[in-house]
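Me: I have a new structure open and would like to learn how to read it. Could you walk me through its features, step by step?

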Amino acid sequence: MLNPIETVKLFESQPELNFASGEIIFQEGDQGQVMYGIVEGEVEMSIHGHILEVIKQGDVFGQGALVHEDYLRASAAIAKTDCQLACLDREHFLFAVQQTPMFALEVMKSYSDRHRLLKQLVDSLLTI
């Protein structure tokens with residue numbers, strides 16, 4: 001079974017991209033045409049300038065924009081370290097989901113993990 005980044009690399013729709021530490025990958029409200037898989041490096045995910053998490057090599061992000069009709073990014077992504085990212089556009093994403101169901105499950109797990117992390121963060125803020 002391929003992990004999500006391996007599937008993204010297999011079906012990627014363009015050459016891998018490089019981002020320097022501190023470089024903006026995308027911002028909240030941007031229209032998203034691709035999702036990303038981290039080949040090397042770390043990426044900070046934030047909302048309204050507040051870092052929610054740091055994701056690392058092997059994980060995927062940005063897929064939310066590909067499944068919503070408005071294609072809008074709900075968060076910002078900034079390279080925490082120098083990064084090499086694989087990209088997958090919507091057409092290739094849908095193909096990967098249809099042809100490799102385990103990819104779909106791994107993407108859903110990634111989303112679920114992030115949702116749980118966000119819930120824990122909100123819960124901790126509500127108990128202050």
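Reply: Gladly! Keep in mind that this is a predicted model.

Me: Let's start with one residue. Is Leu88 buried or exposed?

Reply: The idea is to look at relative accessible area, where under 20% means buried. Leu88 has 0% relative accessibility, so it counts as buried. You will find Leu88 in strand β8, which covers residues 83-89. Sequence distance and distance in space are separate things to check: Leu88 and Gln63 are 25 residues apart along the chain, and their C-alpha atoms are 8.9 Å apart.

Me: How do I read a nonpolar core, and which residues have the most contacts inside the largest one?

Reply: Think of a core as buried nonpolar residues joined through their side chains. Here the largest has 15 residues, and Ile25, Tyr36, Val43, Phe61 and Leu85 have the most contacts inside it. Strands β2 (24-26), β3 (34-40), β4 (42-47), β7 (76-79) and β8 each supply at least two residues of this core. Apart from it lies another core, of eleven residues, including Val39, Leu66, Ala96 and our Leu88.

Me: What does Ile25 touch, beyond its neighbours within four places in sequence?

Reply: Its contacts are Phe19, Tyr36, Val43, Phe61, Ala77, Ile78, Ala79 and Leu85.

Me: Now charges. How many salt bridges does the structure hold?

Reply: A salt bridge pairs a side-chain nitrogen of Lys or Arg with a carboxyl oxygen of Asp or Glu. This structure holds three. In one of them, Lys56 meets Glu42, with the closest N and O atoms 3.3 Å apart. Lys56 sits in strand β5 (residues 50-56) and Glu42 in strand β4, so this pair ties together parts that are 14 residues apart in sequence.

Me: Last one: which residues form the nonpolar patch on the surface?

Reply: Nonpolar side chains can also be on the outside, as this patch shows: Leu118, Leu121, Val122, Leu125, Leu126 and Ile128 together have about 620 Å² of accessible area. Take Leu118, in helix α4 (residues 101-126): with a relative accessible area of 38%, Leu118 is partly exposed.

Methods:
Residues are numbered from 1 along each chain as its sequence is written. This is a predicted model: local features need pLDDT of at least 70, side-chain atom pairs count only at pLDDT 80 or more; totals for chains, interfaces and linings use all residues. Side-chain values use heavy atoms; hydrogens and water are left out. Helices (H or I, at least four residues) and strands (E, at least two) are DSSP runs, numbered from the N terminus. Buried means under 20% relative accessible area, exposed over 50%, partly exposed in between (1.4 Å probe, protein chains only). Patches are made of residues with over 30% relative accessible area and no salt bridge: like charges are joined within 9 Å, nonpolar side chains (Val, Leu, Ile, Met, Phe, Trp, Tyr) within 5 Å. Accessible areas come from the Shrake-Rupley method with a 1.4 Å probe; for residues, only the protein chains shown count as cover. A salt bridge is a side-chain nitrogen of Lys or Arg within 4 Å of a carboxyl oxygen of Asp or Glu. A nonpolar core is a set of buried Ala, Val, Leu, Ile, Met, Phe, Trp, Tyr and Cys residues joined through side-chain atoms within 4.5 Å. Contact means heavy atoms within 4.5 Å.
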